[in-house]
Amino acid sequence: MEGNRGNQPGQSPALRLSVEEWKHRVSAFREHFISIMQPLQVFLKAKLNTDPEGRVLQEELQNMGERNIEAAEKLLSFLLKEDHRTEADIAARWQLFGDVLKEDHSVLHKIITGQRQGDIQTEQKRRIDFYTDKITADVDPYAILPYLIANNLLGQMECEHVKSIYEQRGSTWSALYMVGNIHRINPDWYNIFLGVLYEQGYKELVRIVDPDVYHNQGAAYVPVQESNQLNPQKSREIRPLGRDVTGVTPEYSGIHSAHRRGSDANSDSEGEDEFHSYNSSSEEDEFHSYSSSPDPSLNIDLELTKVKTVMACTNESQTPQDEARAGLTGRNMDVDKADNSENNPDNCNADVDRPARSEERCEPPKAKMQLYPDQVELAQDGLAGKNVIIVSPTGSGKTYVALHIIKNHLEQERPGVRRAVFLVNNRALAEQQYRQYFFKYLSNFRITLVVGGDGATASLNQLLNSADIFVMTAQILLNALEQKEIDGIHEFSLVVFDECHHTQLKHTYNRIMHHYMALKFQGKDGSADVRVPRLPVQVVGLTASVGVGNARTPTEAEEHVMKLCAHLDTEHISTVQENLEQLHSRTNKPVHQRAECGTRPNDKFHTMIREIMTKIEESIEHSEYVDSDVTGGLQARMRQKPHQRGSCQYTNWISELLRTVALLPDGQACRALKPCCDMLKIYNDSLLINDECDTEDALNFLDQQMSDYDPTGQRNTQTDRFLKDLFQTNKSNLTVVSKEQADTNPKLNVIEDKLIKTFEETADSRAVLLVQTREQADIMLRWLRRRPWLHRLNVKPEKMVGACASADKGGMTDTQQKDVLDNFREGRYNVLVATSIAEEGLHFPSCNLVTLVNHVTNEIAYMQARGRARAENSEFFIVAGENKGVQQKAKDLDIGEMMMHEAVRQVQALSKQNHVQFLEQLYQIQEKEKKERDAELTLRQNRHLEQGEVEFHCVLCNEFAFRSSDVRRIDNTHYVVIDLDYCLRHTEEMHHPQLLGRIQNVGRLYCNGCEEYRGPILVYRKLKFPCVKLEGFRYTNASGEKNVAKKWVKTKLVVKEMTDNELDQYRKKAVEIGYVFKS
């Protein structure tokens, strides 16, 4: 085929196509261009704005934004239209477009332009994978089955599977299985398969899949013969399961033997891949083509994966195509399991679910994994099948140890499930571990990456049989366990916890282990409290630091380590003892430096803000509502006011003051005093920013907050006007002072000097600045970008913060985090300003400077942060003010680290010298904590409101809002009101949709009484729901007791998940009153 011919030496794929070929193929792939392309980015890179018409289009594209279908349509129309340029100009434009396409959307570029001869088989498989949705939607597999058998594309067993799946689950599922197995037997499967489709009337589908095959059919294709095994006239007739159309019952040899037959038949051909799942991980497996000497040009991006994931999230319910993307193959169908267990004579144990052997795999590992002696030492307990915590410094290669244990575990021939899961805390870590380690070293196993966000919708149960190894965010597994999507933790035979020191209290890791403990303490007769000595689930934990918790003595530190062992049910702690010298020789330990900085000598900004805060405090103290408060709570709270403003103590005091005000019985008092409390918080935050950053940043923060605080309508009270005038009166003086105090923050000066020194010494340095809050990260980033000296040194800063907050609160999406990390590793950014999300687990091999900015938390975070500096001769630098005690706390943490190492040694000694006593102590901890959990669960299940329903009222205007019986949870996370009258008492403000997993945030709701923000508007299963921002309400029980809370768990109310029945009723009511979402 022309599309698959190899390139001539020195010839780029973009140049190989003529202008007419480009136009033809872009037209053929138009719908995929539109789905995938970032039109503005491609437009600018291809320099299409050189004429007036192009500049007009540029303006239109900028207004539409990226990932906009209409914008992509406009760009393609612009490219394809006839114009009056010279042939040379037109050719040059298409050449540049091809180069941009190759750089930004290489999957699509490779499909359009073809591959070298050695990659034809792989490329053909990619094309079919790419168009699976289209093929399964259009093709009737039953109708073409005779032709597939006649041309040796499917064997007898696969034929029976296609028929039985067709009968049980319909055409789409049957076609999905057919596509997954069509390539196994015949080396020339691709041409023959498309030829069959062409001859059977699917010409347009063939044209879309491969324009070259479509154009060559008339001259080159010899029509295939009809099989005499099946009667095509009866092909659409539904037949009983397991029965041939001719009436002959087939013999089954088992699904594994089918794979072996396919493998043997094609042992000499390249690219005979076992059918991969269509999730983001396996698609990356399919799309990458590495060898021992990787060719960078063959590294394929994941644009198609992103598009498929986004498409999946928009569906209300699962379709077969969704599940295919998520990782289903024909091997996962229920019919396959039945056939395998009942009819395979070689299968002595029907429950065995082993991974297929390496000869059945699509390809060998991309790289050979070789462990250092210290890593081999660390792996011993895990290789022996024991539950173990592996403790080793950051950068020592604990992940390689885990890979070695996983590989050994899956290769063992034992009865039962053989399936491993590698758990991490966030998506960035999951993608890093998958790309850098699992995909590279264990690609001879089926590996699936399962992460939240970006609309991924397939359940874990649907994915289980699609892979041997799962790299997964822990919350996904916890959700599956709690929602009973899977039978239990025993669905995995090996569970690896990365950064396992988090397995404490209510952390996701510990909650997963609670399910493990429930199995451990479940007797065979169903009774509780019967000890089971060993579960068929091996647990391995990885960490650089087990921590000491709140321990102040060596004994307390040992208790903390014992608790961690109990939570992970581990028999051993593995540390390097015999190969310490080699471990130390190959792990870089950064130089540790500290700088304690004073304050500004004459901080006029601090003085002025303090005076403003004093006036607001006095206005509260002299308020008539304080005198009339019969409870005396407000007066007592005002007497507890901290002297030092701009401190964490003052922040905590304001929170308590707001709570006291919210509970005042007089609604007018709350409306008058709450704005004052809010303003005190804003001014206190500005002082904190002034202390950490530049005064200009603190003033900008105030400006922004006051511009948002624009009282109108009912909010335009005397208090509001007082607060607004107070700021306006002082603004001009604050502006003058901010300019006078520019560049006077001692901490910033030290940070800048350190960065200048670092980048002057090593131009390609990487630096990470770790700050405490998202707001501080934003401000630090702006400061770095306006420093001229840093700019001259080519310092390119960017931020990375958590995904817990929305974009308007400074949060980042998982995709944004990934982009920042990739750019930082590749050098497009060289300074990363990050919150705690970058402290743990993320690998920055080139990072030679880590700076902790004015904060330390605990010994674990401290050691993890230090571990980000991995380059040779790197530095770990702490800069702090003299008034926060940061340096002293850092010294205390150094002592805590030594105490931790000693505690680990003591626990290891106990495990070795008296293992029975060690296990008994673990069991006692586990038993005690399980009884506490059971008691808490019983209390929660029996909890009911004897006093009657709870009513919620607006905390400001005291207007009735909703009742507790009208609150439900959706998606197990969001609390919404299902009484639609609540919506009528509020005003909507819609905005651009923001994706939150399976839910969209589409707007904001404001109280009609006081015009205050009361929560977001969410879209779930195509329905609008008002979500409750709880802190905006006070709740009252039937006895008249009032309370406020920021989180629902604090209310001690039982809020049920919304049922399908309730959803249907809500849908009907919403349609009746017109409360619907119009996308």
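The structure holds 19 aromatic pairs. Here rings of Phe, Tyr and Trp (its six-membered ring) pair if their centres lie within 6.5 Å, and planes under 30 degrees apart count as stacked, over 60 as edge-to-face and the rest as tilted. A pair of aromatic rings is described by the distance of the centres and the angle of the planes. Please keep in mind that this is a predicted model, in which local features need pLDDT of at least 70 and side-chain atom pairs count only at pLDDT 80 or more, while totals for chains, interfaces and linings use all residues. Residues are numbered from 1 along each chain as its sequence is written, and side-chain values use heavy atoms, with hydrogens and water left out.

Let us begin with Tyr 400 and Tyr 437. Their rings form an edge-to-face pair, with 5.2 Å from centre to centre and 85° between the planes. Tyr 400 belongs to helix α23 (residues 398–411) and Tyr 437 to helix α24 (residues 427–441), so this pair ties together parts that are 37 residues apart in sequence. Helices (H or I, at least four residues) and strands (E, at least two) are DSSP runs, numbered from the N terminus. The cut-offs are under 20% relative accessible area for buried, over 50% for exposed, and in between for partly exposed (1.4 Å probe, protein chains only).

The rings of Phe 1025 and Tyr 1066 have planes at 10° and centres 4.4 Å apart, so this pair is stacked. It links distant parts of the chain, 41 residues apart: Phe 1025 is in strand β21 (residues 1023–1026) and Tyr 1066 in helix α45 (residues 1060–1073). Both Phe 1025 and Tyr 1066 are buried.

Ring pairs also build a cluster from Phe 952, Phe 962, Tyr 975, Tyr 982, Phe 1033, Tyr 1035 and Trp 1048. Charged side chains meet rings as well. Lys 754 lies over the face of Phe 877, 4.8 Å from the ring centre, and Arg 1004 lies over the face of Tyr 1013, 3.9 Å from the ring centre. For this, NZ of Lys or CZ of Arg must be within 6 Å of the ring centre and within 35 degrees of the ring normal.

Next come the strands. An open sheet of 4 strands has the order β15-β14-β22-β23, with antiparallel pairing. Its edge strands, β15 (960–963) and β23 (1042–1043), each pair on one side only. Two strands pair if DSSP finds at least two bridges between them. Between strand β14 (residues 951–954) and strand β22 (residues 1033–1036) there are 4 bridges in the antiparallel sense; His 953 has Arg 1034 in β22 as its bridge partner.

β1 runs parallel to strand β6 (residues 538–543), joined by 4 bridges, and Val 388 stands opposite Val 540 in β6. Another 3 bridges join β1 to strand β7 (residues 572–574), also in parallel, where Ile 389 stands opposite Ile 573.

Where does Thr 835 lie? Thr 835 sits in the loop between β11 (831–834) and β12 (847–853), and it counts as buried because its relative accessibility is 8%. Leaving aside residues up to four places away in sequence, Thr 835 touches Leu 770, Val 771, Gln 772, Thr 773, Arg 774, Met 800, Val 801 and Gly 802. Contact means heavy atoms within 4.5 Å.

Among the helices, α35 (residues 695–708) has 14 residues and reaches 20 Å from its first C-alpha to its last, close to the 20 Å expected at 1.5 Å a residue. The expected span is 1.5 Å times one less than the number of residues. Buried residues in α35 include Leu 699, Phe 701 and Leu 702.

Finally, the whole chain has 45 helices and 23 strands, and 54% of its 1079 residues count as buried.
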